[in-house]
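Dear colleague,

I am handing over the structure below, and I would be grateful if you could look through it alongside these notes.

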2 protein chains.
Amino acid sequence: MDLLNEKFSKLGVDNAPGQESKQVENEIVFLGEIIHGKAVDFSHGDVDAFEPIPNAMDEFIEGVKRGGAQAYTEYKGKGTIREELAKKFSTFTGIEFSAEEQFIITPGTQGALFLALGSMIGRGDKVAIVEPDYFANRKIATFFDAKIVPVALNYFESDMQAGLDLKQLEDAFKAGAKVFLFSNPNNPTGVIYSPAEILSIASLAKKYDVSVIADQLYSRQIFDGRKYTHLCAQDIKPDNLITIMGPSKTESLSGYRLGVAFGSPKVIDRMEKLQGIVSLRAGGYSQAVLKVWFNEPNGWMKDRIVAHQSIRDDLLELLRSVKGVKAKTTEGGSYLFTEIPELTVKIEEFIKILKLQANVIVTPGTEFGPQFIHSFRINFSQDHQAAVDAIKRIIQLIERYRK
Amino acid sequence: MDLLNEKFSKLGVDNAPGQESKQVENEIVFLGEIIHGKAVDFSHGDVDAFEPIPNAMDEFIEGVKRGGAQAYTEYKGKGTIREELAKKFSTFTGIEFSAEEQFIITPGTQGALFLALGSMIGRGDKVAIVEPDYFANRKIATFFDAKIVPVALNYFESDMQAGLDLKQLEDAFKAGAKVFLFSNPNNPTGVIYSPAEILSIASLAKKYDVSVIADQLYSRQIFDGRKYTHLCAQDIKPDNLITIMGPSKTESLSGYRLGVAFGSPKVIDRMEKLQGIVSLRAGGYSQAVLKVWFNEPNGWMKDRIVAHQSIRDDLLELLRSVKGVKAKTTEGGSYLFTEIPELTVKIEEFIKILKLQANVIVTPGTEFGPQFIHSFRINFSQDHQAAVDAIKRIIQLIERYRK
């Protein structure tokens, strides 16, 4: 087992979002008193503040009542549900998908990511990964013994684009990267890729025969009327392309563990085989809940986006009033990636201080790339007032621990 | 991607239980007419015939109502639920387990198996696997580039024991096997391992420092008052030992996708890390359903076992009346592994014939080991009369295609 020790040491979850109960407070010198206030867990959205799509549970109950026909679906998901989804995603993206050959239902988008990467990369393969980007991307690549080639996202310097370093991307492709993996809107910064950036990614991947995974988890929650560009709808695109989505975030259905992946039949076929040994299928009854997705009541999505944009604006105003704090305006999704001034403690320690002295949980920037030692991520899908109050407490502690 | 082609070609799911809708009927010469009768899918249990534990859905609904606290659990599962489970399994196995360090909730036992193997084996490691045994065992080992060392189970020659070839087992360990993986009761034969066999496995694994995974999925459904022996409760046992169970079979909760694994803290810790990138967690709301497990109404389990034993007896009587058919008496679980005489068609073709001419789905023996070309597995957790009728149709077709 010792050969695996190093690999698993890189898969640490103690700072992963939602895992903060595992942290132990060792040898931090705390300054000042506790600042009392309502607990806010910014590591993920609060499904009590933003509730699941109405009728989600009713569809689950209907699923249970259908019995065996719903409990035991094909590994890639129940056919009738895939057919409905394929239609919804054809409308959403503007391009047709075959429910039979190009679609799989997975246990969450995490499941989809693992299956997609597991179907594309082997030991020693190079994988181009954006920094910063979703923390599990690098961990999955590590688990499969792949080599990570980072590609910078200059999100602060960008205007009306995500800021992907296209030169670095092409260099990574030239150097033999097999796979390019990116989230759009970007997690953690919330920037969205411009039409020109998507076109460049698509044509470079086609040119160098690179497989692409586009994690579009938050692509329904776009602010300020910005344009969102689907890579899968481009005329020129890579031969192997998988798009991932799920109803866990904007739609607050995380508790049902649902995700989908759609794209190249060859990869979908592999993902189904892999799902057959990883978890068999997304929970059968949960799959029934997908009926409510993209089928929300009139105005429900619009209201949700407006409410999140309003929280974003209030938090940004507070954060930008602090000397040395930088935050890019979130363009899509519920994340804010905040850069803070130098403190007397490390970012991992500051995260523990926030938890113990301010009753606030945030995710350290280092989860998204080793260089982000002065940043943290918050998910602002929270009770509006509680989020504002929590940011005020964070700001107090930034001042208290400022170098 | 081409380097992965061979690996994925070995992960075929077309003959896997529940995937039969993927089969295409090519070039089989069908003899005679269709034998009409109620469709029976013997590839898995019928949760309409044997319904889930009462109140399972109510607990799910309570989980949904708890909101975020139930939707976002620790990766290894909600603490309070793990604590309840650890107590239940301490009682069940006769040995104490720590809910915090020795327990993980997974998306089905399939999820537990994948995580356990993924935490124990690296590329090129040898894994000792019983033949016949659960089909996914070999596929998971293949996916992780492990080398499979088969160990024979002489289930027909055995009496009051499973028939494991202990000489072969020790040879496999001597040859450097890192992991031994077995199901008890055995899937597909339904034999259970004797106290002496379990003692031998435990002490050999300890002696040769082999990690062990005991898949005890069906260990609550034991027939004829037979004694069941828990490997984890032995005095001498391997340092790395993981026991897997789940409520998907006897308890008919498959639609909720739940499993558990318990045992060595070091392995459980790795499994949690791996779960963090594979699927994050078992569905949060589903975890609430685990409250009803090992907490069934008085007499519910006993009735279920009696009903299954009765179906077993009727099917065995029918099968044994046929010349050339051999079937071991199921000692635990709902599987019957039936050996049939030589036919004019291959077993994979006969499986398709059964589906198309008799409206019956069974699983070919070759899913459980390449040598089982004259066997098929059925799960007899079905409507009693429908199962009897379906076996009669199978027998008619055995006669029709007999060489």
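In chain A, the crossing of α11(A) and α13(A) is right-handed, a crossing being left-handed if the near helix is turned anticlockwise from the far one by less than a right angle, and right-handed if clockwise. The contact is made by Ile311(A), Asp314(A), Leu315(A), Leu318(A) and Leu319(A) on the α11(A) side, and by His384(A), Ala387(A), Val388(A), Ile391(A), Lys392(A) and Ile395(A) on the α13(A) side, where contact requires C-beta atoms, placed from the backbone, to lie within 7 Å. By class, this contact has eight nonpolar, one polar and two charged residues; Ala, Val, Leu, Ile, Met, Phe, Trp, Tyr, Cys and Pro count as nonpolar, Asp, Glu, Lys and Arg as charged, and the others, Gly among them, as polar. Helices (H or I, at least four residues) and strands (E, at least two) are DSSP runs, numbered from the N terminus.

Please keep in mind that this is a predicted model, in which local features need pLDDT of at least 70 and side-chain atom pairs count only at pLDDT 80 or more, while totals for chains, interfaces and linings use all residues. Residues are numbered from 1 along each chain as its sequence is written, and chains are lettered from A and ligands numbered from 1 in the order in which they are written.

Turning to the two chains, 56 residues of chain A are in contact with 56 residues of chain B. The elements that give two or more residues to the chain A side include α1 (2-9), α2 (56-66) and α9 (265-278) of chain A, and α9(A) gives the most, with seven residues. That side of chain A divides into 26 nonpolar, 21 polar and nine charged residues.

As for the backbone, a cis peptide bond with omega of about 5 degrees joins Glu131(A) and Pro132(A), and Pro132(A) is placed in the loop between β3 (126-131) and α6 of chain A. The peptide bond from Asn184(A) to Pro185(A) is also cis, with omega near 0 degrees, and Pro185(A) lies in the loop between β5 (179-183) and α8 (195-208) of chain A.

Finally, Asn55(A), although not a glycine, has a positive phi of about 75 degrees, and is found in the loop between β1 (40-41) and α2 of chain A. Asn55(A) has 15 other C-beta atoms within 10 Å and is partly exposed (buried means 20 or more such atoms, exposed 12 or fewer, and partly exposed in between, with C-beta atoms placed from the backbone).

With best wishes
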